[in-house]
Amino acid sequence: MAENQWPLWEVFIRSKQGLDHKHAGSLHAADAQMAIENARDVYTRRMEGVSIWVVESKYVHASSPDDATSFYEPANDKVYRHPTFYDLPDELKHM
Amino acid sequence: MSVQDLEKIFQDKIDADIRIEPKDWMPDAYRKTLIRQMSQHAHSEIVGMLPEANWITRAPTLRRKATLIAKVQDEAGHGLYLYAATETLGAGREELLEQLHTGKAKYSSIFNYPTLTWADMGAIGWLVDGAAIMNQVPLCRASYGPYARAMVRICKEESFHQRQGFEILLTLSKGSAGQRRMCQDAIDRWWWPSVMMFGPNDDASPHTAQSMQWKIKRFSNDELRQRFVDICAEQVKILGMTIPDPDLKWNEQRQHYDFGAIDWDEFWNVVKGNGPCNKERLAARVRAHEEGAWVREAATAHAEKRELKKDRA
């Protein structure tokens, strides 16, 4: 089987305990174990990670950039969700 | 929405320094230009492993050997970051490799020069990686998100490459008369090809304006070249060596170094495939790919077998 049939994987790396896994990039591999090993060699050569997730790219579903305006519209007029929206006297401490 | 509207939105985003991401609308020409530019860069990283790998078994100490292996491994990593980023534009990995192997795609001409002595490992680190960094740092702000992110990663790692190269030359420059000669000889041979790495003069570089408007190029070839010459002209003094250019002279008025004329015939000759190592490099790359076929097949077979075992369990 040719190389082009190796699926594409998205790589997520946790840089240290307590932090989120963050998208690092992608690579091709025959299976999950190989993807993790390749991710180690490609993305953590300088101790950049303590944990790796790989997900086959075809399983990632994404929102569409074309709909971004309307998709995020519901949050646009709700400034009252932010603490700074509320008008309080300066004397009020510890809040 | 009409194409004109889409193009306007696209350019407005770029003007506002908002990155373009893979699923965003982009003009075909932008996509095509990026695929060419990024894959050329990826190919350069991969072919760039060859001249240095040539010295791994003959590195003078274990420290130098470990360093050189790490550096060559980095180049492979850089190639992969860039191939992966190029694939987000819809180009297939197999297709990109095919273009490299058939000679349809170019890679940096610098790698078509031979590495004749150990000092070349130093000169490549100092000059070739130095020129590459000069080109690459501005690309960390390129308009295409995956490209910019790959470049950030690459630039972080590239700095060690340049420093280890300069250290090699510095060590030789403090050595025997023979070692000093070797050091100067490597600088003499790598200087002009490195200066040429920035590409043709601005007036002979017709795509620069468009690429700058798209922010996939942030400074012109001549601007970056001048910066490189200015920096190296000072650094070479620390080595006690000279740059092989009788016209290299500080220009008080310009506050830059003037330098001699570039042999563009040589440049185009190497680009067209007639450099000292073009055929050798391409042949080595094709051979590596073909001889690696069984490894790829074995990995696939192994993955299938493991999958089957899992199903049975």
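**Figure 1. Chain A comes to 2 helices and 3 strands.** Helices (H or I, at least four residues) and strands (E, at least two) are DSSP runs, numbered from the N terminus. The model is predicted: local features need pLDDT of at least 70 and side-chain atom pairs count only at pLDDT 80 or more, while totals for chains, interfaces and linings use all residues. Residues are numbered from 1 along each chain as its sequence is written, chains are lettered from A and ligands numbered from 1 in the order in which they are written, and side-chain values use heavy atoms, with hydrogens and water left out. Read from the N terminus, the elements of chain A follow the order β-β-α-β-α.

**Figure 2. The C-alpha trace of chain A spans about 70 × 35 × 15 Å along its principal axes.** The radius of gyration, taken over C-alpha atoms, is 21 Å for chain A, whereas a compact globule of 95 residues would have a value near 12 Å. The globule rule is 2.2 Å times the number of residues to the power 0.38. Of the 95 residues in chain A, 26% count as buried. Buried means under 20% relative accessible area, exposed means over 50%, and partly exposed lies in between (1.4 Å probe, protein chains only). Among the contacts of chain A with a separation of 6 or more, 43% join residues 24 or more positions apart. A contact means heavy atoms within 4.5 Å. Chain A exposes about 7,200 Å², and carbon and sulfur atoms supply 56% of this area. Accessible areas come from the Shrake-Rupley method with a 1.4 Å probe; for residues, only the protein chains shown count as cover.

Figure 3. Is M47(A) buried or exposed? With a relative accessibility of 74%, M47(A) counts as exposed.

**Figure 4. Chain B comes to 13 helices and 2 strands.** Its C-alpha atoms fill a box of roughly 70 × 55 × 35 Å along the principal axes. Residues 24 or more positions apart make up 76% of the contacts in chain B with a separation of 6 or more. Chain B exposes about 15,400 Å², of which carbon and sulfur atoms supply 56%.

**Figure 5. The largest nonpolar core has 96 residues.** A nonpolar core is a set of buried Ala, Val, Leu, Ile, Met, Phe, Trp, Tyr and Cys residues joined through side-chain atoms within 4.5 Å. In soluble globular proteins, nonpolar side chains tend to be buried together. Which residues have the most contacts inside the core? They are Y30(B), W126(B), Y144(B), Y147(B), W190(B), W191(B) and F228(B). Helix α6 (residues 119-136) of chain B supplies the largest share of this core, with 10 residues. Leaving aside neighbours within four places in sequence, the contacts of F228(B) are L127(B), G130(B), A131(B), M134(B), W191(B), S194(B), V195(B) and F198(B).

**Figure 6. S211(B) is part of helix α9 (residues 208-213) of chain B.** The relative accessible area of S211(B) is 8%, so this residue is buried. Not counting residues up to four places away in sequence, S211(B) touches T33(B), I216(B) and K217(B).

**Figure 7. P60(B) lies in the loop between α3 (49-53) and α4 (62-87) of chain B.** P60(B) has a relative accessible area of 52% and is therefore exposed. Although P60(B) and W118(B) are 58 residues apart along the chain, their C-alpha atoms are separated by 8.1 Å.

**Figure 8. Q179(B) lies in helix α8 (residues 177-196) of chain B.** Q179(B) counts as partly exposed because its relative accessibility is 34%. The C-alpha atoms of Q179(B) and A119(B) are separated by 8.4 Å, while the two residues are 60 residues apart along the chain.
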